[in-house]
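User: I am new to this structure and would like to go through it step by step. Please show it first, and then I will ask about its parts.

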Amino acid sequence: MKKDDDGFNARAEELLDRYATLVYRLAFARTRSKEGAEDVFQEVFLRLVAKRPQLENEEHEKAWFCRVTINCANSYWRNPFRRRTQPLEDTGELTAPPPEEGSELDACLDRLSPDLRVVVHLYYYEGYSAPEIAGLLGKKESAVRMRLMRARRQLRDFLEEGGNPCV
Amino acid sequence: MFEHDYRTRFDEIAPDPALVEQTRSRMRDALSGEKAQPRRLTRRGFVAVAAAAALTVTALAAGPTIWQAIQNDLGSRAPYATEVEAACEDEGIRMEGVRALADGRMVRVYFTAQDLNKNRLDETTQIRYSLMGTDRDIWPYGSYSVRQLSYDPDSRTCLFVLTATGWESVPEGAILCLDVERLLGGYQSVSRRISASSEQAGITEKLLPSTQTQGGSTVLLPQPELESAAAAGGPFSIVAAGFAADGNLHVRVRPAIGTVWQNVTVCATILNDDGAGIGRDLEQITPVEGDLDYCLEGFGPELLPRLTQVEMLVEYSALSKPVEGDWTIEIPLQTAASEHFSVSLALPADRGSEGSVMAESLELSPLSLTLVCDQDTMYLEDGKTLRYITLEKFTPTVILKDGTVLTPTYADGNSWWATWAFDQPIDPDQVVSITLDGQTIPVEES
């Protein structure tokens, strides 16, 4: 390892430890696939060492990782080769549906669009407010609220189909 | 209930430790193999210096004209820029596209915002915008940003430049649609943070001196040590933080004097069961004697071990409230012609990844050089595992007929493409060969 004059190398590994779970969960929320989440995960942290962002505080760090994870996940889907391979992965999952807890919720989330899933995750899991999500996504706050409303409506419809109106 | 189910579900999801360690190894490889990257800092520094220089000149010599500022920013690329005729008005502000510079991969658009009747803009104007292609199905831009170049107080005009980098070749005749929704002059931001674990200034279980407002709300009294620090510090301060007599977490904020607009957020970072920090806003706000008391109801001293910090984030302006409106300008792009030629070049994957990735084409314009790889070769034989490659490290050299050797600067890229920009525009017809990773591609024979 080359001389770490500015301490960035050690800091990068600290950031990996601190934000690995956040990045992976958000990537999974967006891609709904283990392979996708793993690809995005690595891309995010390689981008960290490539870009060497100046992250001023914990809030800034978290926002940076959320934003970059979303950007990488967006790029992931824009890659036509990945788009082409996704149906095969989906098929693989459908051939052997695991009878696990939460599968109904998973089925509901699978049916949401990726954009809605991101907003749901940032709001319900990461605890961001609508204005904060708007800032992260570069969208209007009203657009975020609209997505949340659409997501809630769709999730309610989906879950009611399964007899569990829980939203 | 949904929130609970969702949290429970995602609490179970975590990266495989092997993935984390593999990533750590790849990060170490990247850090040990790469040169330090002053590029971005340099570019940012250049931007800052350019903006500062423009502002200095403005102060000393009644300001450069908008046109001059654009020429300065374009430098030797100016001959490739085209004039733009696109304008709109809303809320007394005129937005106007002025000039554009584009090749297949890089776009730069200069536009102005002029306050027609008031003084709501200045050299620190913040802009909220989105960028679209008029063909909504195609989004060729990998990254984009807007920065302010200058402000001319005589005409009350801000000059901005939008830069976008394409992840696909921008089609000839493409139209860029810039949608601005908010402008805020005099923009400032400040943040203050109190760590819960700090022994000296941290938050303890002890209930702090409190009082009740006429409306019956419990609020913190200012803490002398924080108040004296606030008096010596800048605008917006935390003058008390901790648990009030009502047993809830409170933060008392002292706003700056003379602000026209402010947006204050006070957030507590609280650990959940798996140790991840979740931000929760203190949403109950009580004005008290010119201060603002923020409260997180239901968060008492017994939960203190889960609290890592409280933070105040403030955006404010002493000049103007945000001007919200609908400004949309459509900018037709006349792209500088690019030459596309096929190559077949094996580029070694990063250390830790097997094999090589095949470069399949190069795009050469007077402004930039782009390398595009065959995406199918980016996967291992299982078709799923990504073969990592950092294209940025393959800095190309471009040889001209007169023997000049050019080394363009990395501009942007992703896993399967990378673009380098020339410091000075070139004549693609003068290019003899391009060398990448020690392999020379003769351009004329391609």
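User: Is the crossing of α1(A) and α2(A) left-handed or right-handed?

Analyst: This is a predicted model, in which local features need pLDDT of at least 70, side-chain atom pairs count only at pLDDT 80 or more, and totals for chains, interfaces and linings use all residues. Residues are numbered from 1 along each chain as its sequence is written, while chains are lettered from A and ligands numbered from 1 in the order in which they are written. Helices (DSSP runs of H or I, at least four residues) and strands (runs of E, at least two) are numbered from the N terminus, and a crossing is called left-handed if the near helix is turned anticlockwise from the far one by less than a right angle, and right-handed if clockwise. By that rule, the crossing of α1(A) and α2(A) is right-handed.

User: At what angle do α1(A) and α2(A) pack?

Analyst: Axes are lines fitted to C-alpha atoms, for helices over the stretch in contact, and angles run from 0 to 180 degrees between N-to-C directions. The axes of α1(A) and α2(A) lie 8 Å apart, and the two helices pack at an angle of about 145°.

User: How many residues of the contact of α1(A) with α2(A) are nonpolar?

Analyst: Two residues are in contact if their C-beta atoms, placed from the backbone, lie within 7 Å; among those that meet are Leu15(A) and Phe28(A) in α1(A), and Val40(A) and Phe45(A) in α2(A). Ala, Val, Leu, Ile, Met, Phe, Trp, Tyr, Cys and Pro count as nonpolar, Asp, Glu, Lys and Arg as charged, and the others, Gly among them, as polar. On this basis the contact of α1(A) with α2(A) has no charged residues, two polar ones and, as nonpolar residues, 14.

User: How many of the 18 residues of α2(A) are buried?

Analyst: A residue is buried if 20 or more other C-beta atoms lie within 10 Å of its own, exposed if 12 or fewer, and partly exposed in between, with C-beta atoms placed from the backbone. In chain A as a whole, 41% of the 167 residues count as buried. The helix α2(A) is largely enclosed by the rest of the structure, because the number of its 18 residues that are buried is 13.

User: Which helix gives the largest share of the side of chain A that touches chain B?

Analyst: Across this interface, 45 residues of chain A are in contact with 46 residues of chain B. Several helices of chain A each supply at least two residues of that side, including α1 (8-31), α3 (58-78) and α6 (114-125). The largest share, eleven residues, comes from α2(A).

User: Is Val357(B) buried or exposed?

Analyst: The place of Val357(B) is in strand β20 (residues 356-364) of chain B. Leaving aside residues up to four places away in sequence, Val357(B) touches several residues, including Leu347(B), Cys373(B) and Ile389(B). Because 25 other C-beta atoms lie within 10 Å, Val357(B) is buried.
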